[in-house]
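This report considers a predicted model, looking at charged side-chain pairs and then at the arrangement of strands.

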Amino acid sequence: MMSQGIEVHYEMVPNVANNMRSAQEQMGMGEMGRGVMAQIQSAMQGVKVPYVLTYNKGKSLYKSQKVDKLEVTVMGQTVDISSRLPEDITYRDHNAHKEIQQKEMMGKRYLVESALEADQWQILDDETKMIAGYSCVKAISTTDSTEVWFTRNIPVSDGPVYTGLPGLVLELKSKERHIIANSVGEAGNTPIVPPSKGKQISKEEFIKMAKRKMAMVNVSGPVFSMGM
C-alpha cells in the first residue's frame, strides 16, 4: 500500500457547543447575537463533515469534502449553512518539512505556510483499539490534552494534524472537534499538489490578523460566516 499511496476517509464532528461558547466570549455578543448562535448550534448538532487524506511519496493532502444541504431559519430568514462552510485544505511536504494550509476568513482565502512542528506526546502502549481495520495506540498531547489514536502498521507521521508520532493518526479528539477514519485504502499514484488559491501569508501574520478581525466583529443580525 505504501508504494501505491494511501487514501484515508475521515468524518469530522465539530464540538458545536464549545465553538459557539468561544465565539460568544470573543465577540462579546448581545442577546440577539446569542439567539442567532443558539439556532445555529441547534442546526449543527450531529453534522458530520467528510475529509479525505491522500499520501504519496512523502507528500499529503488533507481536504474537506462537500456536505449535504443544511439550512437553518434565523429571525425569519433561511440560511444555507453548508454553503458557508469553508473549503479546508492542508498540504504537507515531509521531505521539505513544510505545511501549507488554505484558510478562509470573512470571505477571503489565505495560504498559510509554516514549518512542520510536532507536539509533545505521551504514548500509552497499553491502550489499544481497532479503527478502520487497524490496531491503534493512544497518545495524549502534553500541551493541550488532545487525544489521538495512531497505527504503527502504517508508519507515516500524518493524519488530520501533523503529530510527529511513528504512525498514521486514525482518530483525533480535541476541544474543537472529533475526527475518526472509516476506511483506509490505496490511492494509486495520485499527484499531490499544494493549494494555490489565496493570498500567501505566514502563520504568525495570519494569527495576528485573525485576532484583529475577531475583535472587530459585532454580530447584530442573521448574516454570519462560520468556519470550523
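## A salt-bridge network

Glu104 and Arg109 form a salt bridge through their side chains, with an N to O distance of 3.6 Å. Glu104 is partly exposed at a relative accessible area of 31%, and Arg109 is likewise partly exposed, at 32%. Through salt bridges with shared partners, Lys63, Glu87, Glu104 and Arg109 are joined into one network.

## Other charged pairs

The model contains 10 salt bridges by the rule applied here, among them the pair of Arg92 and Glu99, whose side chains meet at 2.9 Å, N to O. Arg92 counts as buried because its relative accessibility is 2%, which falls under the 20% cut-off, and Glu99 also counts as buried, with a relative accessibility of 12%.

A further salt bridge links the side chains of Glu11 and Lys48 at 3.8 Å, N to O. Glu11 belongs to strand β1 whereas Lys48 sits in the loop between α2 (31-44) and β2 (49-56), so this pair ties together parts that are 37 residues apart in sequence. Glu11 counts as partly exposed, at 30% relative accessibility.

## The sheet around β1

An open sheet of mixed pairing is formed by 12 strands, in the order β9-β10-β11-β12-β13-β1-β2-β3-β6-β7-β8-β14. Because β9 (121-131) and β14 (199-202) stand at the edges with a single partner strand each, one side of each is left without a neighbour in the sheet. From one strand to the next, the twist averages 25°.

Within this sheet, β1 (residues 6-14) pairs with β13 (residues 177-186) in the antiparallel sense over 9 bridges, and the bridge partner of His9 in β13 is Ser183.

Technical notes: Residues numbered from 1 in each chain as written. Predicted model: local features only at pLDDT ≥ 70, side-chain atom pairs only at ≥ 80, totals over all residues. Heavy atoms only, no water. Pairing = 2+ DSSP bridges. Helix = DSSP H or I, 4+ residues; strand = E, 2+ residues; numbered from the N terminus. Axes fitted to C-alpha atoms, helices over the stretch in contact; angles between N-to-C directions. Salt bridge = Lys/Arg side-chain N within 4 Å of Asp/Glu carboxyl O. Buried < 20%, exposed > 50% of the residue type's maximum accessible area, 1.4 Å probe, protein only.
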